[in-house]
Amino acid sequence: MCGRDEIMNALLITAAGASSRFSESLGRSCLKCLYFENSYKESLLYRMISHPVHFDYYIIVGGFQYERLEQFVEQHFEKIRDRIILLENKDFARYGSGYSLFTGLERAIQLKCDEVLFAEGDLFVDRAGFEQVYRAKRNVITYNKESILASKAVAFYYDVHYGIHYIYDTDHQSLEIREPFLGIFNSGQIWKFYQKERLMDVFDSMGKSDWSGTNLTFIQKYFEGLSDTEYEMVLFDTWINCNTVSDFRQMSE
């Protein structure tokens, strides 16, 4: 069964990272997308998948504590298990988020998905914002109202020609822009790839080394050069990037 308007769609979630900052704040090793304190329905993964919209496929890319991820999916997603595709990034420690995105997009392309909504697995966002991304009939870039801090933010800015550029420091130390710019935003770290042919062309244009860094390499290549009529920007009123247990607990405040 296809999704709305006979379009085959997929929600792609990457959750392969080692969750080192979250584990340190917790005092024990933990895959943060599965963490909860009272009910599994509090977990980031359950909240993301339980948004009241239809996807033909839920593609989840794991790595760190992959067996726990498998068990969680089997126990708690029985109703949609036939639409969940679990993939393992065995090289998550070596290649990171770029290879996780490669792994998920490769499968989405094999499944001939027309559009892919990509979300990083450590996020909590408001329902209205997520549904706006889902229903958009264009590519989507998301942003939030949080301060842009090098210790945690993925940022993007407009150059003087309104070209989009993403910036991020994997060491969480500093951000740098070496050219004049017109505006800067804190990324909501959720994107929608709406142009199937463009997605496949950009995917095919990238070599192995391009996937060895962060997922922003693909995202940058996909969105650069698009006119402002080919994408829309969606603001999340509520957005929490759960790097620590304290961040997680903000969801219930």
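**Figure 1. A nonpolar patch on the surface of the predicted model is formed by Ile148, Phe181 and Ile184.** The structure shown in this and every following view is a predicted model. Together, Ile148, Phe181 and Ile184 have about 220 Å² of accessible area. One of the three, isoleucine 184, belongs to strand E9, which covers residues 181-193. Isoleucine 184 has a relative accessibility of 34% and therefore counts as partly exposed.

**Figure 2. Tyrosine 35 and phenylalanine 248 form an aromatic pair between distant parts of the chain.** The structure holds 27 aromatic pairs. In the pair of this view, the ring centres of tyrosine 35 and phenylalanine 248 are 5.0 Å apart and the ring planes stand at 80°, so the pair is edge-to-face. The angle can be judged against the cut-off, since planes over 60 degrees apart count as edge-to-face. Tyrosine 35 comes from the loop between helix H1 (20-26) and helix H2 (44-49), whereas phenylalanine 248 comes from helix H9 (residues 245-249). The two residues are 213 residues apart. Are these residues buried or exposed? Tyrosine 35 is buried, with a relative accessible area of 7%, and phenylalanine 248, at 5% relative accessibility, is buried as well.

**Figure 3. The rings of phenylalanine 72 and phenylalanine 77 form a tilted pair.** The centres of these two rings lie 6.0 Å apart, and their planes are at 55°, so the pair is classed as tilted. Phenylalanine 72 and phenylalanine 77 are both buried.

**Figure 4. Ring pairs join a set of aromatic residues into a cluster.** The members of the cluster are Tyr95, Tyr99, Phe102, Phe193, Phe203, Trp211, Phe218, Tyr222 and Phe223. The ring of tyrosine 222 also has a charged neighbour: the charged end of arginine 198 sits over this ring, 5.6 Å from its centre. Helix H8, made of residues 216-223, is mostly covered, with 6 of its 8 residues buried. These buried residues are Leu216, Phe218, Ile219, Gln220, Tyr222 and Phe223. After H8 comes glycine 225, which has a positive phi near 90°.

**Figure 5. Serine 100 is a buried residue of helix H5.** Helix H5 spans residues 97-110. With a relative accessibility of 4%, serine 100 counts as buried. Which residues is serine 100 in contact with, leaving aside its neighbours within four places in sequence? Under that condition, its contacts are Thr14, Ala16, Val61 and Asn89.

**Figure 6. A salt bridge joins the side chains of aspartate 122 and lysine 32.** The structure holds 8 salt bridges. In this one, the distance from N to O is 3.2 Å. Aspartate 122 is in the loop between strand E4 (115-120) and strand E5 (123-125), while lysine 32 is in the loop between H1 and H2. The pair thus links distant parts of the chain, 90 residues apart. Although both residues carry a charged side chain in this salt bridge, aspartate 122 is buried, with a relative accessible area of 12%, and lysine 32 is buried, with a relative accessible area of 14%.

**Figure 7. Arginine 249 and glutamate 37 meet in a salt bridge.** The closest N and O atoms of the two residues are 2.8 Å apart. Arginine 249 lies in helix H9 and glutamate 37 in the loop between H1 and H2, so that this pair links distant parts of the chain, 212 residues apart. Arginine 249 counts as partly exposed at 41% relative accessibility, and glutamate 37 counts as partly exposed at 36%.

**Figure 8. Aspartate 114 and lysine 196 form a salt bridge.** The closest N and O atoms are 3.8 Å apart. Because aspartate 114 lies in the loop between H5 and E4 and lysine 196 lies in helix H7 (residues 196-205), the pair ties together parts that are 82 residues apart in sequence. Aspartate 114 is partly exposed, with a relative accessible area of 27%; lysine 196 is also partly exposed, with a relative accessible area of 27%.

**Figure 9. Serine 19 and glutamine 65 have positive phi values although neither is a glycine.** The phi of serine 19 is about 55°. Serine 19 is placed in the loop between strand E1 (9-15) and H1, and this residue is buried, with a relative accessible area of 8%. Glutamine 65 has a phi near 50° and is found in the loop between strand E2 (57-62) and helix H3 (66-76).

Key
Residues numbered from 1 in each chain as written. Predicted model: local features only at pLDDT ≥ 70, side-chain atom pairs only at ≥ 80, totals over all residues. Heavy atoms only, no water. Phe/Tyr/Trp six-rings, centres within 6.5 Å; stacked < 30°, edge-to-face > 60°. Helix = DSSP H or I, 4+ residues; strand = E, 2+ residues; numbered from the N terminus. Buried < 20%, exposed > 50% of the residue type's maximum accessible area, 1.4 Å probe, protein only. Lys NZ or Arg CZ within 6 Å of the ring centre and 35° of its normal. Patch = residues over 30% accessible without salt bridge, like charges linked within 9 Å, V, L, I, M, F, W, Y side chains within 5 Å. Areas by Shrake-Rupley, 256 points an atom, 1.4 Å probe, with all protein chains shown as cover. Salt bridge = Lys/Arg side-chain N within 4 Å of Asp/Glu carboxyl O. Contact = heavy atoms within 4.5 Å.
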